Amino acid sequence: MPEFQFNARDRAMLERLAATDPTRPSKKARRLFNYHLHPRGIKELANPKGIRVASLMGNLLDTLEEGQSSDRLKALHALRDEVFFGPSGGMGKNTARALLSVMKELLREENEQRRLELAHDFHEVLTGKPSIVRSHLKRYHLLEMPEAWNQLTFDHHVHDAHTKGRKSPTHLIMDAWIKGIRKLTVIYYDFIPPEAAEELLRAAGFMEIDVRIGLELLTEHRGKTVSLIWTPRGFSDANDFLQFLERSHVAQFMNQGRIHAQSRSDEVLSVLENFNLKGRLKLNAHYGIELPPLDTNEFKESVGAGQASMLHLSEFIHASVLPLLQTSNPNPIEDLDETEQENQSSSLSPEAQECIQEQHNPRESCTSEQIFEEYLRGTLPLSQKSEEKSPLPSPQKLIKTLETMHPGYRLTLNLTGLRAQKVLELLHVCKGKIHALEIYNHKDWARGLAEEVSHIRSFQHPLNEGNAISLKRAVMTLLDATSDPEDAEALRAVLHDLPTLLRAYANRPLMDRWGSDSTGRSSQLFGMGLAVINTLPRRAQKEVYQGNPSRILPIQIPVKLRKTTTPAFTKKLGTQELGMNEVPDGVEWIPRLYSSHGKGKNNVVSLGWRPTESTVPPSTRHQTKKSLTYQFQYLNTNVKNLFKVLIGFIPAFLTFFLTKDWWVLAYFGAPIWFGITGLRNILQSVIGGDGFRRSPLLTWNTYVNWSRVCDSLLYTGFSVPLLDFLVKQLLLAEGFGITTSTNVLALYGIMALVNGIYISSHNFLRGLPAAAIAGNFFRSILSIPLALAFNAALASILNLLGVPGGELILQKWAAVISKAASDSVAGIIEGSADWAKNIELRKRDYERKLKQLYSSFTNIELLLPETDVVALLKAPKKLSKAIRIENPGLLRSSIYDALDLLYFWYYQPHARTVLKRLVKSMPSDEKLLFLRFQHVLEQQKMICSMFLDGLLGKEFSKAMAFYLNRSKSYLESMDKLLKR
């Protein structure tokens with residue numbers, strides 16, 4: 001039934017995306033990147049949220065090109081606002097993460113049917129329903145994060161496209177936020193590109209991620225190449241760090257690093273030449289293909305702005321080989337029918353089947369990692385094979401150089417290729433200047449570092465704890481296991497100088513660093529991000545331990561919970577005293593700086609994932625068989641809502657029709673029941689949105705969420721057989737003889753209790769927050785007195801009218817009376833909650849716009865130093881003229897603010913209520929500033945020109961008409977508000 005699938009908005013979204021390429025936005029489309037415009041402001045009239053998010057994200061996913069970073073940063077800032085301010089419900093941040101994941105897949109998808117499904121998914125996630133949000137988080141292998149955003153998530157070693165990574169700095173930051181990462185260290189080789197640092201730091205500031213920049217430097221100690229990661233610290237902001245890079249001695253150091261980087265790139269090019277001569281022939285013979293010699297210039301183009309590495313080369317070769325494999329080596333087993341395949345497979349051992357599968361499916365065995373191991377490692381230049389990087393400074397000399405550049409830094413020892421003996425020796429010779437060990441790295445652990453880590457722990461923990469006896473024993477154990485005379489001599493030097501080593505780490509422990517070394521390229525290792533499981537929501541913890549234990553890493557990080565509160569003042573007899581009441585400021589998790597001894601449960605999980613046979617990437621999971629689940633998932637929303645109401649109505653109607661002998665209840669009991677629920681939901685929405693004092697541009701049904709109403713009707717339908725038949729009739733009346741005439745309190749009390757359990761149960765299954773579940777349970781309990789009052793009132797009315805058999809009538813209507821009481825209480829509670837939620841949303845909206853408006857005013861004051869701007873506000877035309885001459889961009893910013901405030905006033909629930917409260921609380925000067933400042937809307941010619949020039953893109957007509965029709969009356973309302 002394709003005609004009943006998907007919504008008009010889904011198809012419209014794809015049509016709009018097809019009209020413009022979101023990854024190559026036009027100049028007018030870039031206006032949508034203007035983060036000065038509020039996501040719930042006037043641009044809602046021009047572009048649906050899906051189009052805005054797609055345009056913004058498409059720019060982020062664009063390849064790393066010179067001159068594009070500014071657009072990516074603007075897009076990220078605007079995108080952040082779109083997803084932070086847009087989603088409704090109690091899972092705002094998790095909804096935003098799911099939205100971004102869906103949109104990323106949609107932009108990359110080529111199958112039109114799948115794109116339509118993703119457009120529908122996007123709009124479904126946008127509703128903010130917990131069950132939908134959680135299902136999409138799971139689909140994209142994302143763990144749910146606490147909405148307080150206080151989880152302990154980090155990655156101390158990742159790469160962007162300026163080294164060997166795949167993603168631009170902005171793209172990297174966006175993906176880190178989607179994964180839920182709060183702390184990130186990005187590693188560069190040999191030098192720090194200023195343009196990369198600026199983009200990275202500014203992007204991290206937008207997304208509130210604590211980012212550090214590390215520089216991996218190579219040193220040489222006793223003929224062994226040692227890698228140290230230098231992380232400068234102590235900078236106030238991004239500008240401070242960029243100024244640090246411009247210092248003469250720092251710039252000179254970075255220039256030397258560029259020379260080293262170029263030398264390493266040249267070595268990679270020589271590896272490519274060697275591969276063309278030898279490795280290529282071996283690869284061709286193994287796979288039976290004819291791979292021609294690879295072009296050096298094409299390889300350089302594939303590297304782009306990054307530093308050429310063996311990873312780039314292996315991926316370049318893999319990309320060249322894959323098309324040849326797809327057109328060769330046909331699999332004869334696939335040509336057999338199912339019976340022959342089964343017979344063929346059953347006659348072979350599992351090892352033989354795997355061998356045949358590899359032979360006939362070379363694409364399965366050919367990966368970039370396999371190409372490196374088998375065809376590149378043997379062609380490395382001699383200097384790289386023996387790890388002789390001459391000339392390289394010693395660790396001590398490098399540390400002296402680093403200390404002259406910046407006193408505040410952290411130095412991390414990269415454990416790649418190092419034995420425990422060498423690590424201890426380096427700690428000793430560097431005299432405490434090594435602050436941390438990269439104790440966990442996905443790639444190192446995949447190569448068997450775990451055994452060395454256990455030896456390193458044997459002296460790290462005693463060193464941190466100041467335990468000289470245990471430290472001595474650990475050193476002696478390493479000495480006994482050492483056969484190399486030079487290593488033994490170095491360990492003896494450590495043994496004789498233990499007091500110096502202990503003093504070096506007496507006040508500052510030797511910390512751990514845990515990183516993924518992610519580049520966004522490997523399919524064999526976990527991706528970016530690690531999380532301490534204890535700091536995640538309980539649902540996510542259960543998912544990790546029970547549903548996906550393979551993502552748990554061999555790390556234990558002890559944590560403790562710290563709550564911060566502010567003492568509150570209490571009023572006593574007209575005075576203020578510091579009382580015991582405390583206002584909570586926040587809750588945060590504090591980790592220990594190094595892992596535990598290894599006893600107990602591992603508590604760190606990878607936030608990245610690696611594909612296996614059972615976990616296929618979302619982009620490849622296009623359903624070909626249209627199951628009933630699929631049909632219902634992508635059913636048109638209106639049809640789905642009608643279907644929900646019908647499903648709920650059938651059991652309700654059958655219950656009344658089959659159990660009631662009075663025709664009124666038999667035929668109209670279900671409609672009455674549904675009418676109570678529907679009316680309650682509608683009135684709750686209208687009142688919660690301040691619909692009775694609404695804008696003239698809105699109708700009452702604008703405030704009603706019809707999907708929410710239909711969900712409520714679906715579940716209320718199944719409550720009829722539960723409450724009216726099973727509880728009231730079978731259990732109470734026939735089982736215990738409880739009726740309205742025998743024990744009215746027990747009757748309504750038990751029905752309310754059962755109703756509360758039923759409502760809480762389906763709330764739990766739908767994934768609603770715990771507070772909502774508890775509130776809906778207790779609302780049924782609170783309805784008991786109201787049900788008794790309704791019963792007494794109806795009994796009095798029947799008595800006054802002289803209706804015989806009043807008790808029998810009340811017994812028949814008891815379930816309906818209980819339902820009416822429960823929904824009345826629900827309407828008051830949930831209506832108040834909707835009211836408070838809308839008020840809070842408007843406060844957020846106005847607080848942001850007021851902050852921007854006052855910032856513009858401050859800039860105007862500085863722009864016109866000899867002018868009394870407050871006095872000039874009484875003549876808006878003169879003010880606009882003065883600003884236009886000095887700084888037209890500042891005038892445009894003021895217009896953006898005024899247009900958004902205009903839209904709030906007419907379209908957003910409770911905007912008028914909140915604005916009146918805010919204005920009432922403002923000082924007189926501030927009030928005059930706020931209200932008069934909006935008279936920039938009188939500049940009709942300029943504003944219309946801005947619309948025509950693409951302020952809101954191509955679809956600006958509705959917004960422009962709204963401005964022309966309503967700005968005058970709006971300014972009159974503002975003037976009246978000022979007079980009051």
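**A quick briefing**

C710 is buried, with a relative accessible area of 11% (buried means under 20%, exposed over 50%, partly exposed in between, using a 1.4 Å probe and protein chains only). Keep in mind that this is a predicted model, where local features need pLDDT of at least 70, side-chain atom pairs count only at pLDDT 80 or more, and totals for chains, interfaces and linings use all residues. Residues are numbered from 1 along each chain as its sequence is written, and side-chain values use heavy atoms, with hydrogens and water left out.

**Cysteines**
- C430 is buried too, at a relative accessible area of 5%.
- The disulfide count is 0, going by pairs of cysteine sulfur atoms within 2.5 Å.

**The sheet**
- An open sheet with mixed pairing is built from 10 strands, in the order β7-β6-β5-β4-β3-β2-β1-β8-β12-β9; strands are DSSP E runs of at least two residues, helices H or I runs of at least four, numbered from the N terminus, and two strands pair if DSSP finds at least two bridges between them.
- β7 (511–515) and β9 (552–553) are at the edges, each with a single partner strand, so one side of each has no neighbour in the sheet.
- β1 (residues 153–158) pairs with β2 (residues 183–189) in the parallel sense over 3 bridges, and D155 stands opposite L184 in β2.

**A bent helix**
- Helix α10 (residues 248–287) has a kink of about 55 degrees centred on F275; the bend is the angle between axes fitted to the seven residues ending at a residue and the seven starting there.
- After α10 comes G288, with a positive phi near 70 degrees.
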